[in-house]
Amino acid sequence: MTSFTVTPLTEHTGAEVTGLDFREPVDADTGAALNEAFFEHHVLVMRDQHFSPDEFKAAVRLFGELQPHDKKEHHIPSHPDVSYVSNDEFVNGRRIIPGETFHTDHSNHPRPPKATTLFAVELPSSGGDTQYVNMHDAYDDLPQATKQKIDGLKAVHAYLSKYSPRPLGYLSEESRRNLPPPGVHPLVRTHPQNGRKALFLNPVRMESIVGMEDDEALALIDELMRHATQKKYEYRHKWRHGDWVLWDNRSVMHQANPDYDMNERRYLYRLMLKGEAPA
Ligand code: SIN
């Protein structure tokens with residue numbers, strides 16, 4: 001096993017991994033230890049990496065199997081299976097900042113991705129942090145009456161909810177045709193590896209709660225979101241060049257910050273890993 005260091009970044013979420021160059025082969029024991037750290041800390045920050053797109057893909061596969069993005073047309077040149085986030089997309093004259101409000105990725109899928117990962121290629125000189133909130137702790141702290149109310153409830157996650165707080169970027173007709181039917185997922189899911197319950201919320205995609213009037217469902221989602229996005233559940237990642245960040249969509253929600261000079265470019269490679277049906 002190769003020696004490396006895992007240093008927690010907060011008491012509840014996030015750990016920094018140093019001492020490994022992920023362009024080099026990683027043995028099975030080291031891979032297993034990294035996966036354990038991932039389940040425990042939910043967000044891993046691998047510092048000082050230097051990846052080509054293919055090297056990034058190979059490194060990410062240490063944690064699972066790649067899941068294609070819904071926007072098939074949105075990829076880096078010559079690499080159809082490596083997507084990106086950037087601040088230079090406009091729809092109807094409006095700049096789109098991907099991930100600008102708290103959400104979890106691709107929850108419209110029957111088996112949403114277990115993880116998402118970004119590698120910083122270009123960063124603004126300040127700002128553009130990514131915020132993560134711990135949905136295990138948020139669930140644990142709920143009053144017993146709320147837990148009883150929501151345990152067993154299921155929500156319908158469409159590609160873009162009619163109640164979404166923000167628009168999504170351009171989706172081609174072909175990509176739209178290939179979307180799966182809406183996912184129907186529990187509001188509370190149990191993480192298959194760490195065994196902890198977590199809230200599973202996404203206002204961008206949640207369109208209804210099964211068996212509930214929309215007004216009541218929206219009020220409940222709003223109440224749970226206000227609870228889950230409190231600062232005490234947050235790890236805020238300040239990007240550095242060379243950062244490779246991997247997060248567990250079964251444990252955290254995340255959001256991007258549009259608080260930087262938009263004349264500067266923010267550009268990161270982005271991949272997702274296949275997950276399981278939330279249960
Ligand atoms: C995302 O939602 O995946 C984007 C996060 C970010 O750009 O910081």
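Biologist: How many aromatic pairs does a search of the whole structure find?

Modeller: The search finds 15 aromatic pairs. This is a predicted model, in which local features need pLDDT of at least 70, side-chain atom pairs count only at pLDDT 80 or more, and totals for chains, interfaces and linings use all residues. Residues are numbered from 1 along each chain as its sequence is written, and side-chain values use heavy atoms, with hydrogens and water left out.

Biologist: Why is the pair of Phe51 and Trp244 called edge-to-face?

Modeller: Rings of Phe, Tyr and Trp (its six-membered ring) pair if their centres lie within 6.5 Å; planes under 30 degrees apart count as stacked, over 60 as edge-to-face and the rest as tilted. The centres of Phe51 and Trp244 are 5.5 Å apart and the planes stand at 80°, so the pair is edge-to-face.

Biologist: What makes the pair of Phe119 and Tyr269 tilted?

Modeller: Their ring centres are 6.0 Å apart and their planes are at 45°, so the pair is tilted.

Biologist: Why are Phe119 and Tyr269 called buried?

Modeller: Buried means under 20% relative accessible area, exposed over 50%, partly exposed in between (1.4 Å probe, protein chains only). Phe119 has 6%, and is therefore buried; Tyr269 has 11%, and is therefore buried as well.

Biologist: What makes Lys147 a charge over the face of Tyr139?

Modeller: A charge sits over a ring if NZ of Lys or CZ of Arg is within 6 Å of the ring centre and within 35 degrees of the ring normal. Lys147 lies over the face of Tyr139, at 5.1 Å from the ring centre. Arg189 lies over the face of Phe200, at 4.7 Å from the ring centre.
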